[in-house]
Amino acid sequence: MGGKTLPGNDPRGISRRGFIGRTSSILGAVALAGHSTPARAASAVGPLADGARVPALVIGTGYGGSVAALRLAQAGVDVQMIEMGMSWDTPGSDGKIFPKVTSPDYRSFWLRTRTKAPLSNFLGFPIDKDVPKYTGILDAEDFAGITVYQGRGVGGGSLVNGGMAVTPKRANFAAVLPSVDADEMYATYYPRANAGLGVGMVDPAWFDTADCYQFSRVGRKHAQRSGFAWTFVPDVYDWDYMEQEAAGTATKSALAGEILYGNNHGKKSLVQTYLAQARATGKVTISALHKVTSVSPAAAGGYTVTIDQINTTGDTVATKTVTADRVFFAAGSVGTSKLLVKLKATGALPNLNNEVGKGWGENGNVMCGRANHLWDPTGKLQSTIPCSGIDNWDAGGAFAEVAPLPTGIETYASFYLSITKNPNRAEFTWNAATGAAGLSWQTAWKQPSISMAKTIFDKINSKEGTIYRTDLFGGNKIWNDTLTYHPLGGAVLNKATDNYGRLHGYTGLYVIDGALIPGNASVNPFVTITALAERNIEKIIATDLP
């Protein structure tokens, strides 16, 4: 059986299993044989030394940064990567690197003393709990009107997302990145990104019989009975491994409630793909628990970069100053935007233009649950990896993931994360009084997302005679309208930068992450972030390197 390689994903004709075998050697032959070893992060070859000079410094180890590091290294450039989070390569007292969704602990959240799960209540009872302050894997970063969920650690967001690897419909691309040649993206860079990420698809025949996807089959039935298009969605999970989990021949991972706070076995994060290849070049060094605080022109050329080294409770234990010939901002939409507005406002990089900080959006994210009838159980066992969605983008401006509720009990509930065509955009600005960047997003700006999502779920409820769940988000709320998993924008391509991510005003400074995409990707964004990074770094290497 096994999952299916997406047509055209690998121009070299390598099968999905062959791709995994070549690029995921970290997992080892044991894992591919049906036994499992914990996923290990690419680690630093010693920490970055104070006073060092580096040809290329990449701030962040997420999608854009990992692409940049790999391609620069392949072009012969020595690369230093700076990662604020940990290198997740040491098991905890339970013998696992990552905890379950249902058992958050000190590893789960970034420097919080209480968890803040996206689904905060169950059956009306709050489920968040106190935890020790620690540099955990998921950052629930609070702004005035929204909480932004981001991955913290070597591999960035790839550590904590559901792995849904979606290429936007060609017809929607012009609205996503209007200054980019769609022909090039769909002929070259999307296939390259899909191959590099190891994207594959669940086997439809196995899906139809697997207990762990009963929730998704109920979602399909309800969508189709209301006249909506339902579709399988690609993912970066190892589908052969998933089938082994279901058969009881491999250590359970997705079927053991692992995803939001990391996945120990089957998921192909950047650690197993781009970062593994980058590390194999011998030209990429990663310094974890390091945070860039300043970038400014150096008198002798290049840029002076100030970096705080932190411990696992977030305290600064050392401050280092290095010189970099080129700096790539890849700290994620929020991290890159916050840093750039600080550098402009404080005079470190005063020539950045006034587009820096603007064009930020939350990809129209909104969540809801529906209470099904007793004859529509969604299953006690639910895979944490979503693999399907409901498409009403053209008619209603919404695409909805059929998401799991991996509680281990029967809930009779269908759960969804919608991506909508929300037009609202916010701006990051620097607050000198507080010494922090703020975001102008207002919770009321989610109303378009709710209205668009309702074009799907009001109709399904009417058809099925069902109602919305009101016990999942606290206060009898139907919609979780105070979060995003998909932050985008803040240093928009062809505005804050040129059309390849070069920051205006400074030679040798680049943005190469989701900050380039103006607020909405129409689908889960990481494949587009990866493909755009592939496009941009190819141009930069060809034209900017000596």
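Predicted model: local features only at pLDDT ≥ 70, side-chain atom pairs only at ≥ 80, totals over all residues.
**Exercise 1.** Which side chain of opposite charge is nearest to aspartate 235, and how far away is it?

*Solution.* Numbering starts from 1 along each chain as its sequence is written, and side-chain values use heavy atoms, with hydrogens and water left out.

Step 1: find the loop. Aspartate 235 sits between strand E9 (229-232) and helix H8 (239-247); helices (H or I, at least four residues) and strands (E, at least two) are DSSP runs, numbered from the N terminus.

Step 2: look for a partner. Lysine 267 is the nearest side chain of opposite charge, at 7.2 Å (Lys and Arg count as positive, Asp and Glu as negative; His and chain ends are not counted).

Step 3: check the backbone. A polar atom of the aspartate 235 side chain lies 2.9 Å from the backbone nitrogen of tyrosine 237.

**Exercise 2.** Work out where E9 stands in its sheet.

*Solution.* Step 1: write down the strand order. The open sheet has six strands, E9-E15-E16-E17-E14-E20, with antiparallel pairing (two strands pair if DSSP finds at least two bridges between them).

Step 1: read off the ends. E9 and strand E20 (467-468) are at the edges with a single partner strand each, so one side of each has no neighbour in the sheet.

Step 2: inspect the E9 partner. E9 pairs with strand E15 (residues 388-392) over four bridges, in the antiparallel sense, and phenylalanine 232 stands opposite serine 388 in E15.

Methods. Buried < 20%, exposed > 50% of the residue type's maximum accessible area, 1.4 Å probe, protein only. Salt bridge = Lys/Arg side-chain N within 4 Å of Asp/Glu carboxyl O. Polar contact = N/O pair within 3.5 Å; in protein donor to acceptor, adjacent residues only side chain to side chain.
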